[in-house]
Amino acid sequence: MAVLASLLLGALLGWLADSTGAGWLVTTLDTIGSTFTKLLTFTVLPLIFTAIVLGITSLRSMGGGRAAARLGGKTAMWFAITSLISVLIGIGVAGVLRPGQGVDISPDQQRVNDVNEMSSGSWLDLIQGLVPEHLVGAFAEGETLQVVFVSLLVGAAAYSLGDKAKPFVEFNQAVFEIIQRVLGWIIRLAPLGTLGLIGNAVATYGNEFFAPLLKLTGATYLGCALVLFGVYPLLLWFVARVSPVKFFGKAWTVLQFAFVSRSSGASLPLSRQAAVNLGVDRSYASFAVPLATTTKMDGCAAVYPAVGSIFIANLFGFEMGIAQYLTIVAVAVFGAIATAGVTGWFTMLTLTVGALDFPPAMIATGIAVAYAVDPIMDMMRTMTNVAGQIAVPTVVARGEGILDDEVLKAPSSPLLINGDEEADQPEERRDGSEEEPALAKA
């Protein structure tokens, strides 16, 4: 309720700042929102590294290498399936609403400069950017994809060493819990951060949002909503045999947080615990959710590249054919890993329009126009991303027989708000006396 109230109050303050020209209020809202975002951002990379390392090493309890490979394969398969469905929905929605058609606006020169300074996505850059020159540089420069790559290597090495790597694994566990506790404190500031972020967005982008770019924003929200409230509930109901009401009841806190923070990485501990509260085996959730956080983004990597590409084409009167639409689908399904990081939407969109052979000037101008309302669109995109990062592990867990229906049906306390993850675990699973996972018995 506090976050929802902050959304309304922030929007009201932003409208007042915009309509009255109160520069001091815009500055205040921007400072509050940016400070909250910075607090979240500094936790992301250590969270991702420790979570992936712990997730990989925890797979040892689930039946060994073959079982782990099978789980990884099924997880990747469902990532691809849901990405395919999501990009088709994005194409369909954009085809009906035709965002960009009839729009005649010029981007602000500062936004054009900002876009030109960003690193665009390309397959060659993706491959070359996987391996860091040195470990510290990957963290210092905020290269999320490189941190993921290093995490996978280190986690695999720790897994292969077994007991020899136990001190290292315990150290990572301690770091993960410390960062998670810090993030729990930051989450308490979510209502204040929400007020600043929403207020600044309305004050800065309000006029552009309600006028020429309404179709682009509406198409993005509609496409994401169809995935979030249509595709995932159907998969959960028919494949995982999980009530969508139960899913949203246990995941709603993290979905609200993702909407406000616009960060899948900062939402990671909440997402992981939401999956556990839905009955997903903790060892598998510790592997699948961190991996999904950096590679499973249906909002940023599927719906939005489709909508954004069609928006840019319509903006310049470029007629797209079947080949172009198939290209959008292929990039969404196979290029999701390129979305890792804060600029994931930009990487994926430029990767898509680059594959469509749009002229560079057309790409830069089109993205600069869309960039005007990106913070507003990013809220819904991130919310959709995080929902998929919880839903897919739930579906896979049911198929592998490692979804605990007793935990699923049991009520759960608020995620991380109390800073005590253990409070969400059933009593018999806190003392180390839990039964051997079903997968390990197979």
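The model is predicted: local features need pLDDT of at least 70, side-chain atom pairs count only at pLDDT 80 or more, and totals for chains, interfaces and linings use all residues. Residues are numbered from 1 along each chain as its sequence is written, and side-chain values use heavy atoms, with hydrogens and water left out.

**Overall make-up**

- The protein has 20 helices and 0 strands. Helices (H or I, at least four residues) and strands (E, at least two) are DSSP runs, numbered from the N terminus.
- Of the 442 residues, 55% are buried. Buried means under 20% relative accessible area, exposed means over 50%, and partly exposed lies in between (1.4 Å probe, protein chains only).
- Among contacts with a separation of 6 or more, 84% join residues 24 or more positions apart. A contact means heavy atoms within 4.5 Å.
- The accessible surface is about 18,700 Å², and 64% of it belongs to carbon and sulfur atoms. Accessible areas come from the Shrake-Rupley method with a 1.4 Å probe; for residues, only the protein chains shown count as cover.

**Aromatic rings**

- A pair of aromatic rings is described by the distance of the centres and the angle of the planes.
- The structure holds 3 aromatic pairs. Rings of Phe, Tyr and Trp (its six-membered ring) pair if their centres lie within 6.5 Å; planes under 30 degrees apart count as stacked, over 60 as edge-to-face and the rest as tilted.
- Phe229 and Phe248 make a tilted pair, with 5.5 Å from centre to centre and 35 degrees between the planes.
- Phe229 sits in helix H10 (residues 214–238) and Phe248 in helix H11 (residues 244–261), so this pair ties together parts that are 19 residues apart in sequence.
- The rings of Phe247 and Phe248 are edge-to-face, because their planes stand at 80 degrees, with centres 5.2 Å apart.
- Phe229, Phe247 and Phe248 form one aromatic cluster.
- Phe229 is partly exposed, at 45% relative accessible area. Phe248 is buried at 15%, and Phe247 is buried at 0%.

**A charge over a ring**

- Arg381 lies over the face of Tyr304, at 4.3 Å from the ring centre. A charge sits over a ring if NZ of Lys or CZ of Arg is within 6 Å of the ring centre and within 35 degrees of the ring normal.

**Salt bridges**

- The count comes to 7 salt bridges. A salt bridge is a side-chain nitrogen of Lys or Arg within 4 Å of a carboxyl oxygen of Asp or Glu.
- Asp378 and Arg262 form a salt bridge at 3.1 Å, N to O. Asp378 is in helix H18 (residues 374–399) and Arg262 is in the loop between H11 and helix H12 (268–277), so the pair ties together parts that are 116 residues apart in sequence.
- Asp378 is buried, with a relative accessible area of 7%. Arg262 is partly exposed, at 30%.
- Asp378 also forms a salt bridge with Arg381, at 2.9 Å, N to O. These two residues are 3 residues apart in helix H18, so about one helical turn separates Asp378 and Arg381.
- Arg381 is buried, at 0% relative accessibility.
- Asp405 and Arg398 meet in a salt bridge at 2.7 Å, N to O. Asp405 is partly exposed at 31%, whereas Arg398 is buried at 13%.
- Shared partners join the salt bridges of Arg262, Asp374, Asp378 and Arg381 into one network.
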